[in-house]
Amino acid sequence: MEKLKMVSLEKLTTKNGIISALAIDQRGALRRMLGADASQEELESFKVLVSENLTPYASSILLDPEYGLPAAGKKDANCGLIMAYEKTGYDANTPGRFPDLIDNVSVKRLKEAGADAIKLLVYVDVDESDEINDVKKALVERVGSECAAEDLPFFLELVSYDANITDKKEYAKVKPHKVIEAMKAYADPRYNVAVLKVEVPVDMNFVEGFSDDVVHTKEEAAAFYKEQADATNLPYIYLSAGVSADLFRQTLRFAKESGSTFNGVLCGRATWAGGTAVYQESGVAAAVEWFQSQGKENITELANLVEELATPI
């Protein structure tokens with residue numbers, strides 16, 4: 001990796017070169033968790049609580065410029081800052097799940113706000129039409145070029161789907177192909193990606209030993225983790241996809257045993273989700289108590305595991 005990018009990534013990793021990052025860039029999802037009538041002030045306040053209480057245990061934090069700037073100012077001094085560049089969600093009425101950038105924001109402006117890296121989330125169905133996928137590829141090229149111009153590492157988050165499948169079990173059958181082929185496509189140097197943020201290649205809710213409803217045997221699942229590791233020379237980190245903290249920890253152990261060379265994690269809800277109900281029902285003081293007890297336990301247990309299992313960048 002280019003020396004400049006390596007120096008930049010050092011701000012986002014542990015001393016051992018592992019990315020142990022905390023994601024709290026959720027917007028629509030967080031509003032649903034806090035209640036449909038949650039105000040901007042409440043969303044900002046919750047993100048501040050997460051940042052103040054949990055960043056001492058994270059190598060970096062992922063925030064958004066729409067609700068996360070106050071939280072960025074409250075992070076631990078040794079914690080790096082990754083800023084999201086995309087609008088949340090997509091238009092469900094338009095085929096393609098097209099990404100869109102936040103209005104009146106640029107990589108330059110995010111850098112001026114303190115960002116050490118930029119994150120872009122793109123939903124990808126590698127088997128969808130070229131007409132749809134070329135729109136996404138052009139956007140990724142544009143953001144990659146902006147990041148290169150500002151000397152900031154570009155974290156590309158790939159979330160897979162199938163345009164014609166909505167059933168979770170049916171999708172589990174094709175997920176390995178969708179995840180791995182998307183990684184291969186966007187590892188191309190033309191995109192200037194520094195780190196890929198990706199899903200694990202199988203749905204662990206349908207893997208032998210993790211569920212009675214089996215799509216993949218343990219051996220098949222392990223082979224997909226190894227295939228994923230061989231799919232790119234770029235650093236890649238896992239997202240938690242909203243699963244429980246316990247399942248995510250089990251997943252990381254299985255990944256390592258299967259030959260995965262993942263370089264860390266960037267996960268949120270597996271760490272802080274339990275705090276939303278406390279915040280909503282009992283207020284700030286109770287939420288702080290939760291973060292300093294259960295939240296701290298969640299993030300430190302995960303951080304220790306990641307240090308043990310992940311491959312240094």
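Is Asp-125 buried or exposed? In this predicted model, Asp-125 is buried, with a relative accessible area of 3%. This briefing covers the setting of that residue, the largest pocket and the cysteines.

**Asp-125 and its surroundings**
- Asp-125 is placed in the loop that runs between strand 4 and helix 6 (130–149).
- The side chain of Asp-125 makes a polar contact of 2.7 Å with the side chain of Lys-178.
- Leaving aside residues up to four places away in sequence, Asp-125 touches Asn-133, Tyr-161, Asp-162, Ala-163 and Lys-178.

**The largest pocket**
- The largest pocket holds about 1400 Å³ of space.
- Its lining consists of 48 residues, and those nearest the centre of the pocket are Tyr-123, Val-159, Glu-199, Ala-241 and Arg-269.
- Two or more lining residues come from each of these elements: helix 2 (28–34), strand 4 (117–124), strand 5 (154–160), helix 7 (168–186), helix 9 (245–257) and strand 8 (264–267).
- By residue type, the lining of the largest pocket comprises 21 nonpolar, 11 polar and 16 charged residues.

**Cysteines**
- The number of disulfides in the model is zero.
- The closest cysteine sulfur to that of Cys-79 belongs to Cys-267 and lies 13 Å away, so the distance is too far for a bond.
- Cys-267 is likewise in no disulfide, its nearest cysteine sulfur being that of Cys-79.
- Cys-79 is buried, with a relative accessible area of 2%, and Cys-267 also counts as buried, at 1% relative accessibility.

Terms used:
Residues numbered from 1 in each chain as written. Predicted model: local features only at pLDDT ≥ 70, side-chain atom pairs only at ≥ 80, totals over all residues. Heavy atoms only, no water. 1 Å grid on protein atoms, 1.4 Å probe; cavity = no way out; pocket = protein on both sides within 12 Å on 5 of 7 lines; lining within 4 Å. Points joined across faces, edges and corners; volume = space filled by probe spheres on them. Helix = DSSP H or I, 4+ residues; strand = E, 2+ residues; numbered from the N terminus. Nonpolar A, V, L, I, M, F, W, Y, C, P; charged D, E, K, R; others polar. Buried < 20%, exposed > 50% of the residue type's maximum accessible area, 1.4 Å probe, protein only. Polar contact = N/O pair within 3.5 Å; in protein donor to acceptor, adjacent residues only side chain to side chain. Contact = heavy atoms within 4.5 Å. Disulfide = S-S within 2.5 Å.
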